[in-house]
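Please open the model in a viewer and follow the stops below in order. Each one says what to select and what is there.

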Protein chains: 2
Amino acid sequence: MLVLTWGDFMSSKRLSKRERQNELKEKLREDPFLTDEELMELFNVSIQTIRLDRLELGIPELRERIKNVAELNYSKVRSIKGTEIVGELVDLNLGSNGISILETNNNMAFKKTNVIRGHHIFAQAESLAMAVIDEEVALTGVANIKYKNPVKAGDKLIAKAQMIRKRGNKYFVHVFTYVKQEQIFRGKFILVSI
Amino acid sequence: MLVLTWGDFMSSKRLSKRERQNELKEKLREDPFLTDEELMELFNVSIQTIRLDRLELGIPELRERIKNVAELNYSKVRSIKGTEIVGELVDLNLGSNGISILETNNNMAFKKTNVIRGHHIFAQAESLAMAVIDEEVALTGVANIKYKNPVKAGDKLIAKAQMIRKRGNKYFVHVFTYVKQEQIFRGKFILVSI
DNA sequence: TAACAGTTAGTACTAGGTACTAAATGCTAG
DNA sequence: CTAGCATTTAGTACCTAGTACTAACTGTTA
């Protein structure tokens, strides 16, 4: 059996600038914790070449990369904590209707397909439904929902909620979510105030 | 009204070594991105004092702290990428059933009531339903769900999924979620493979 | 007032770089 | 075969955010 490690591969072959830079991007995407020195050994070129490559590709230094990774995750936690409403509330008539907008990104998507995971669409709709009813505290009792079309990362979700009726402490709210006029989700919620 | 900022507080008062070291630990727990220089200004002491404090408390330098945050989340991200499952998968029989556990915390709850927001319960159930069906890529088409009882932050959610039947590319999966034997959620999902 | 904890000052050194200049090497077209 | 250009390598000064260490200076307390 012939087995070539990355090391064998790299020491046997010197890639062209373009090839090397592509591999460099790929390697650093996989592992942003690699130092220039490690990359230099990986690609069997001088450290200056690695640095020129990073400069040309606009890739920041190790410490910046690590910091970016750290801040990404640190801010993610904070932003979730901050908002109780998923998406941005752009219109609200208590007891009647409301509109919220959610900008999707590929953190919300399946990596393979880039399709937004259902629970994000659900979360936007549910929290909008909650916002619409004129109650201090409420919980979702029942939801009947339908995903009509897949949503791609980057799409802007516009959710429109309408309170249909109120019976005792139960609120019936319908939410329709659109991407560019096209309906992609429909949810019927029964919310219970407590 | 008397308002004291942290700055006022710190410049008016010099804490004892013990107090300062406690505050230091707390500050760095809140924000690990603080440099010794920023801490020095915060506590109104010299940079050497901050460094002695860190040494005594065994707190690593800024870059190490950032790296730790980054690595923590990097491995977390990787594990999410691997599973894409909300909660921890403890049992799985492809095409039949599965169980996942989600430890809730107060980041997942309404601040006022400490009740877990519905979409977290939904997300656990939906992703477990996805895991159970033996398909590479699938989307939720329809869901009919019911929240039976509110869940408090700290509760451990045990979701049990059962695939009921398959018709063409449609899968019918039922998920029941429990907190200490008590059922708190029920969801009927129709998943569509693509 | 001596002893000691606590604090501050200063120096040499480190990793992992940036920014820059200069020189060497490789390839290609005339 | 060689001029000209891209590419690569070498080397220097400088940076940040430190470590590790020595020495000196306060402040309190016995």
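Start by colouring chain A by pLDDT. This is a predicted model, and chain A averages a pLDDT of 82, with 82% of the residues scoring at least 70. Within chain A, confidence is highest in α4(A), at 94, and lowest in helix α1 (residues 6-12), at a mean of 53. Now select residues 75-82 of chain A, where pLDDT stays under 50. For this stretch the model has 2 contacts beyond four places in sequence. Where pLDDT is low, the predicted coordinates should not be read in detail.

Next, show chain A as a cartoon. Chain A has 6 helices and 6 strands. Traced from the N terminus, its elements run α-α-α-α-α-β-β-α-β-β-β-β. Of the 194 residues in chain A, 29% are buried. Among contacts in chain A between residues at least 6 apart in sequence, 64% join residues at least 24 apart.

Then bring in chain B and look at where the two chains touch. The contact takes 31 residues from chain A and 30 residues from chain B. On the chain B side, the elements that give two or more residues are α5 (62-83), α6 (118-132) and β3 (138-147). Of the elements there, β3(B) gives the most, with 9 residues. Coloured by class, the side of chain B that touches chain A shows 15 nonpolar, 8 polar and 7 charged residues.

Select the largest nonpolar core next. Which of its 61 residues touch the most other members? They are A129 and V173 of chain A, and A129 and V173 of chain B. The element that gives the most to this core is α6(B), with 9 residues. Centre the view on A129(B): leaving aside its neighbours within four places in sequence, A129(B) is in contact with A161(B), V173(B), V175(B), F189(B) and L191(B). In soluble globular proteins, nonpolar side chains tend to be buried together.

Move on to DNA strand D and select what surrounds it. From chain A, the surrounding residues are K17(A), V45(A), S46(A), Q48(A), T49(A) and L52(A). From chain B, they are T35(B), D36(B), R51(B), R54(B), E61(B) and L62(B). The elements that give two or more residues to this surface are α4 (47-57) of chain A and α4 (47-57) of chain B. The largest share, 3 residues, comes from α4(A). By class, the surface near DNA strand D divides into 3 nonpolar, 4 polar and 5 charged residues.

Finish on α4(B), viewed end-on. Which residues of α4(B) are buried? They are I50(B), D53(B) and R54(B). Seen down the axis of α4(B), the buried residues fall within an arc of 95 degrees, so they line one face of the helix. An α-helix has 3.6 residues a turn, so residues three or four places apart point the same way. The buried residues of α4(B) pack against α2 (17-30) and α3 (36-43) of chain B. Turn to the other side of α4(B), where Q48(B), L55(B) and E56(B) are exposed. R54(B), buried in α4(B), is also one of the residues surrounding DNA strand D.

Definitions and conventions. Residues numbered from 1 in each chain as written. Chains lettered and ligands numbered in written order. Predicted model: local features only at pLDDT ≥ 70, side-chain atom pairs only at ≥ 80, totals over all residues. Contact = placed C-beta atoms within 7 Å. Helix = DSSP H or I, 4+ residues; strand = E, 2+ residues; numbered from the N terminus. Nonpolar A, V, L, I, M, F, W, Y, C, P; charged D, E, K, R; others polar. Near = placed C-beta within 6 Å. Buried ≥ 20, exposed ≤ 12 C-beta atoms within 10 Å, placed from the backbone. Arc of directions from axis to C-beta. pLDDT = per-residue confidence, 0-100. Core = buried A, V, L, I, M, F, W, Y, C linked by C-beta atoms within 7 Å.
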